[in-house]
Amino acid sequence: MSPDPGVEGSPWEEYAEAVLRVVEQIPRGRVTTYGAIAEAVGAVLDRGGPRLVGNVMARHGGGMPWWRVVRADGSLPPSHGDEARQAWLAEGTPLRPGGAVDIRAAFWAPDPPHGFGPGDDPEPGRATVGG
């Protein structure tokens with residue numbers, strides 16, 4: 001799949017909407033990884049990967065609980081650290097002494113998103129790209 005964020009209805013848009021749907025389901029105080037989201041979305045759409053999930057979050061994740069999506073080691077890029085740490089503390093997310101999320105204690109395993117398989121209607125009121 002070649003990402004084409006400018007074309008409505010493109011495979012990129014469908015993938016992005018599926019990622020956002022998973023992200024909005026992450027419970028307070030829990031986190032998941034770019035790779036876990038890629039696996040969940042890939043189970044339905046059969047494409048993508050952790051880097052593409054990161055691309056979606058960079059482009060469209062501002063209105064989502066982006067601090068709940070971390071690297072496999074529980075960290076975020078340094079530029080997001082301070083804001084994410086405040087959110088983690090406010091939500092009671094388990095942290096390691098170094099400041100990263102304690103991934104063993106906080107990990108949430110996402111289910112594949114609904115509404116993206118053949119004959120599967122989207123859930124009403126769910127996230128959309130640009131929405």
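In which loop is Asp46 found? Asp46 sits in the loop that lies between α2 (34–45) and α3 (50–60). The model is predicted. Its chain has 131 residues, of which 44% are buried. The secondary structure amounts to five helices and two strands.

**Overall layout**
- Along the sequence, the elements run α-β-α-α-β-α-α.
- Take the contacts between residues at least 6 apart in sequence: 68% of them join residues at least 24 apart.
- The chain exposes about 7100 Å². Carbon and sulfur atoms account for 48% of that area.

- Asp46 has a positive phi, near 55°, and is a residue other than glycine.
- Asp46 is exposed, because its relative accessible area is 69% and the cut-off for exposed is over 50%.

**Helices α1 and α3**
- Two packed helices are described by the angle between their axes and by the distance between those axes.
- Helix α1 covers residues 11–23, and its axis comes within 10 Å of the axis of α3.
- The two axes cross at roughly 80°. An angle of 65 to 115 degrees counts as roughly perpendicular, so α1 and α3 are roughly perpendicular to each other.
- From α1, the residues in this contact are Trp12, Tyr15, Ala16, Val19, Leu20 and Val23.
- From α3, they are Leu52, Val53, Asn55, Val56, Met57, Arg59 and His60.
- Sorted by class, the contact of α1 with α3 holds ten nonpolar, two polar and one charged residues.

Technical notes. Residues numbered from 1 in each chain as written. Predicted model: local features only at pLDDT ≥ 70, side-chain atom pairs only at ≥ 80, totals over all residues. Heavy atoms only, no water. Helix = DSSP H or I, 4+ residues; strand = E, 2+ residues; numbered from the N terminus. Buried < 20%, exposed > 50% of the residue type's maximum accessible area, 1.4 Å probe, protein only. Contact = heavy atoms within 4.5 Å. Areas by Shrake-Rupley, 256 points an atom, 1.4 Å probe, with all protein chains shown as cover. Axes fitted to C-alpha atoms, helices over the stretch in contact; angles between N-to-C directions. Parallel < 35°, antiparallel > 145°, perpendicular 65-115°, else oblique. Nonpolar A, V, L, I, M, F, W, Y, C, P; charged D, E, K, R; others polar.
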